[in-house]
Structure formats: structure tokens, C-alpha cells
Amino acid sequence: MIKVIRARAKDFGKFYTLLEKSIKEEYFLYPKENASYLLNIGLPKKMQLKKEVLNGERPLYLVYEERKLIGYLLTKKDFAGVAFGHWLAVHKDFRNKGFASKMLKVWEQDALKQGVHAIHLWTTENDIGFYKKRGFILGGKFEQAWFGLNHYLFYKIIGNPNPKKYI
């Protein structure tokens with residue numbers, strides 16, 4: 001059974017363990033030697049990140065199969081009606097089974113409830129097709145971006161702008 005939840009304090013330790021594992025061992029396009037940099041500089045320190053997740057600054061979605069945590073979607077709270085998807089990962093043994101799609105769907109539903117009208121994210125070339133199949137629009141290419149890799153901006157309009165909800 002697939003279950004997507006918004007992270008709570010008790011979930012954070014498991015999430016952080018999976019985050020470290022996915023960055024150190026599974027994020028194949030970034031060189032492995034950059035893992036420490038990503039964890040120590042690219043993301044807030046562990047306790048700061050936990051604080052931001054729990055206070056809603058960085059909504060975190062977790063996907064479980066039965067009771068096993070197998071993926072996460074770390075986002076940033078919206079600004080002026082637009083939310084940002086920061087990190088999406090599913091354990092390599094559970095990919096291509098709909099888990100990432102389910103997290104994206106839950107994020108979109110939550111974002112709509114909060115008055116968000118668009119979501120966006122950056123990705124590398126290996127995931128272009130994945131996002132296109134889920135209704136995201138390719139907005140541009142940033143050549144030689146982070147760690148010298150090409151990154152692609154994707155966005156998705158999920159509602160109508162309503163300044164009363166975000167001002």
C-alpha cells in the first residue's frame with residue numbers, strides 16, 4: 001500500500017537517513033565527492049532543516065510502502081503564489097512504480113489548498129521525460145549550472161493567481 005504523508009517530527013530521522021543515502025549513493029549525475037558539500041552547504045544543517053520542515057517553511061512529503069520509507073519530496077513554501085520543489089528522490093529499488101508521481105500529486109493538492117497557482121523545479125536531463133509526462137512545461141535550460149551540469153527549469157500552472165491568498 002502506497003501512503004504519502006506530510007512529515008512530522010517523528011519522521012525526520014528516517015527522512016534524513018534516506019536523504020543522506022540518496023545524495024551519497026544514488027544521485028548518479030552529481031559526482032560522489034560533492035555529497036558532503038550538498039549536505040553541509042547546499043541544504044541547511046540537519047537541525048535547521050528539521051526546524052524549517054516542522055514550521056512549514058520547507059514542506060516535506062514522504063512516501064511509504066507498507067511501513068518502509070522509500071522516498072521524499074522536499075519543497076519550499078510558496079512566495080507570491082509559486083512554490084518550489086527542491087529535492088525529489090525514491091529509493092532505487094522502488095523506482096518506476098508511481099511513488100514519485102504520487103508525491104507530486106499530493107504536493108500539488110496541498111499547494112492548491114494554500115492558494116498556490118504554480119509550482120516549479122530544476123532537474124537534470126535524465127528526468128526531463130518524467131516531468132513532461134506529469135504535465136510540467138520545460139521553461140528553459142541553464143547550461144553548466146550546479147556542479148557544471150546542465151539543468152532544466154520546469155513549471156506547472158495548477159490554478160489561477162489570486163493575490164488575496166498570498167499577499
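Glu66 counts as exposed, at 56% relative accessibility (exposed is over 50% relative accessible area, buried under 20%, and partly exposed in between, with a 1.4 Å probe and protein chains only). The structure is a predicted model, in which local features need pLDDT of at least 70, side-chain atom pairs count only at pLDDT 80 or more, and totals for chains, interfaces and linings use all residues. Residues are numbered from 1 along each chain as its sequence is written, and side-chain values use heavy atoms, with hydrogens and water left out.

Glu66 is placed in the loop between β2 (60-65) and β3 (68-79); helices (H or I, at least four residues) and strands (E, at least two) are DSSP runs numbered from the N terminus. Most residues other than glycine have a negative phi. Glu66, although not a glycine, has a positive phi of about 55°. A positive phi, of about 60°, is also found at Phe147, again not a glycine. Phe147 belongs to the loop between β6 (137-142) and β7 (151-157) and is partly exposed, with a relative accessible area of 32%.

Glu66 also contributes to the lining of the second largest pocket, together with Met1, Lys3, Ile5, Arg8, Lys10, Asp11, Lys14, Tyr64 and Arg67. A pocket is defined on a 1 Å grid over the protein atoms alone, as an open set of points where a 1.4 Å probe fits, with protein on both sides within 12 Å along at least five of seven lines; lining residues have an atom within 4 Å of a point. The volume of this second largest pocket is about 180 Å³, taken as the space filled by probe spheres set on the points, which are joined across faces, edges and corners. Its lining has seven charged, three nonpolar and no polar residues (Asp, Glu, Lys and Arg count as charged; Ala, Val, Leu, Ile, Met, Phe, Trp, Tyr, Cys and Pro as nonpolar; the others, Gly among them, as polar).

In helix α2 (residues 35-42), the buried residues are Ala35, Leu38 and Leu39. They cover an arc of only 90° around the axis and therefore lie on the same side of α2, the arc being that of the directions from the helix axis to the C-beta atoms. The elements covering these buried residues include α1 (12-26) and β4 (82-90), where contact means heavy atoms within 4.5 Å.

His91, in the loop between β4 and α4 (99-113), is buried, with a relative accessible area of 12%. Apart from neighbours within four places in sequence, His91 is in contact with Leu18, Lys21, Glu26 and Ile70. Glu25 lies in helix α1 and is partly exposed, at a relative accessible area of 49%.

Rings of Phe, Tyr and Trp (its six-membered ring) are paired if their centres lie within 6.5 Å, with planes under 30 degrees apart counted as stacked, over 60 as edge-to-face and the rest as tilted. The count comes to twelve aromatic pairs. Among them, Phe15 and Tyr72 form an edge-to-face pair, 5.2 Å centre to centre with 80° between the planes. Phe15 lies in helix α1 and Tyr72 in strand β3, so the pair ties together parts 57 residues apart in sequence. Both residues, Phe15 and Tyr72, are buried. The pair of Tyr131 and Phe154 is tilted, because the ring centres are 5.9 Å apart and the planes at 35°. Tyr131 in helix α5 (residues 128-133) and Phe154 in strand β7 are 23 residues apart, and the pair links distant parts of the chain. Tyr131 and Phe154 are buried. Ring pairs also link Phe12, Phe15, Tyr16 and Tyr72 into a cluster.
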